[in-house]
Amino acid sequence: MRVERAIKETGYRPNLLARSLRLKSGNLIGLVVPGLQGRGSSFFLSCIQEATYELGFNLIVGISRNDVDIEADLVDNYIRNHIAGVILSRVSDKSRVIEILEDANVPFVVIDRAFEHESVPKVVLNNYRAGELAARHLAGLGHVKIGCISGDLSIPLCRERLNGFHDELARHGIALADEDVFIGDFGYDSGRTGVQHFVERGTSLSAIWAQNDFMAIGAIWELQSRGIRVPEDLSVVGMDDMDVARMIHPELTTIKQPFDDIARAAVNKIAKMREIADRPRLGDDEEAEEIHDEVISPSLILRRSTAATS
């Protein structure tokens, strides 16, 4: 009775979400992503959720909003609530969550934004190969003046895509000058701004590769608003293969990122690490079981936004 009276007097309300997290923490996988804008991210989330359910886990999602401090707070909160494992898509090179997770000895897998020469568990797309595929397709169609609308180059995958694109063009004897690259932010508007940048600088291009479908679609709309036909006057290639890539005119040629394969591999890796961690140790000299990295291959999806040069 005294407890009930104290609750009424103080207006205390239990934090049911925190309590639920604590009770189920051994069965929870935490996902940390910069945002969920766009079908690619939402579809990836549904793939992660399906994979966690199939393996007997529940999923909790944290949005870092591209802020390294929010990202660190999310991970710290997961650790305090004894999360079973964490799947990460980091903000940028400034992210510090790996050190936090390693110090806490929490299983984690990096997806999507792994850093070069980094020895951490990861499941990533072969982003260098994605750039190669886009460049090879456009060079094979006879294009020699080719531009790229990139994502933020502080994000490793953007650098890897650009490097693959640059190197494959070079193998075809095609130069990619600095002025042929516009740095966007993966948003639709930066696709339009990229085209404006090229036009205003007088850059003469016959093809553009945008590092995601949203920027590619923004580029197509800006080109068409200026009376530039796609693909008759200028070819456009995207990246991801979102549903909307088939809904625009012309349908978008793109590099497919198999979100379902990445999601399933990441959750399987967390489950494997938990299984190893829960095994009884036989002795100090027992060898640790190795968790291998996985690199998922992209593929070219041919549609109507690209054509051979006349």
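## Briefing: fold, sheets and cores

Residues 24 or more positions apart supply 72% of the protein chain's contacts with a separation of 6 or more. The model is predicted. The protein chain holds ten helices and twelve strands. Of its 310 residues, 49% count as buried. The accessible surface of the protein chain comes to about 15,700 Å². Carbon and sulfur atoms account for 49% of that surface.

**The six-stranded sheet**

- Six strands make up an open sheet, ordered E7-E6-E8-E9-E10-E12. The pairing in this sheet is mixed.
- Strand E7 (181-183) and strand E12 (299-301) are the edge strands. Each has a single partner strand, so one side of each is left without a neighbour in the sheet.
- From one strand to the next, the twist averages 20 degrees.

**Strand E9 and its surroundings**

- Strand E9 (residues 235-240) pairs with strand E10 (residues 253-256) in the parallel sense. Four bridges link E9 and E10.
- Two facing pairs can be picked out between these strands. Gly238 stands opposite Thr254 in E10, and Met239 stands opposite Ile255 in E10.
- E8 also pairs with E9 in the parallel sense, over three bridges. Here Ala207 stands opposite Ser235 in E9.
- The chain passes from E8 through H9 to E9. This β-α-β crossover is right-handed.
- Is E9 mostly covered or mostly uncovered? Six of its six residues are buried, so E9 counts as mostly covered under a limit of 20% relative accessible area.

- Strand E3 (residues 85-88) and E4 run parallel and are joined by three bridges. Val86 has Phe108 as its bridge partner in E4.
- E3, helix H5 (residues 97-104) and E4 form a β-α-β unit, which is right-handed.
- E4 pairs with strand E5 (residues 122-125) as well, in the parallel sense and over two bridges. Ile111 has Val123 as its bridge partner in E5.
- Which way do the side chains of strand E4 (residues 108-111) point? Phe108 and Val110 point one way, and Val109 and Ile111 the other way. All four are buried.

**Nonpolar cores**

- In soluble globular proteins, nonpolar side chains tend to be buried together.
- The largest nonpolar core in this model has 45 residues. Ile87, Ile111 and Phe165 have the most contacts inside this core.
- Which helix gives the most to this core? Helix H10 (residues 259-278) does, with nine residues.
- Another core, of 23 residues, lies apart from the largest one. Cys158, Met215, Ala219 and Ile220 are among its members.
- What does Ile87 touch, leaving aside residues up to four places away in sequence? Its contacts include Ile29, Gly30, Leu31, Val32 and Ile48. Val109 and Ile111 are also touched by Ile87.

Technical notes: Residues are numbered from 1 along each chain as its sequence is written. This is a predicted model: local features need pLDDT of at least 70, side-chain atom pairs count only at pLDDT 80 or more; totals for chains, interfaces and linings use all residues. Side-chain values use heavy atoms; hydrogens and water are left out. A nonpolar core is a set of buried Ala, Val, Leu, Ile, Met, Phe, Trp, Tyr and Cys residues joined through side-chain atoms within 4.5 Å. Buried means under 20% relative accessible area, exposed over 50%, partly exposed in between (1.4 Å probe, protein chains only). Contact means heavy atoms within 4.5 Å. Two strands pair if DSSP finds at least two bridges between them. Axes are lines fitted to C-alpha atoms, for helices over the stretch in contact, and angles run from 0 to 180 degrees between N-to-C directions. A crossover is right-handed if, with the strands pointing away from the viewer, the path from the first strand over the helix to the second runs clockwise. Accessible areas come from the Shrake-Rupley method with a 1.4 Å probe; for residues, only the protein chains shown count as cover.
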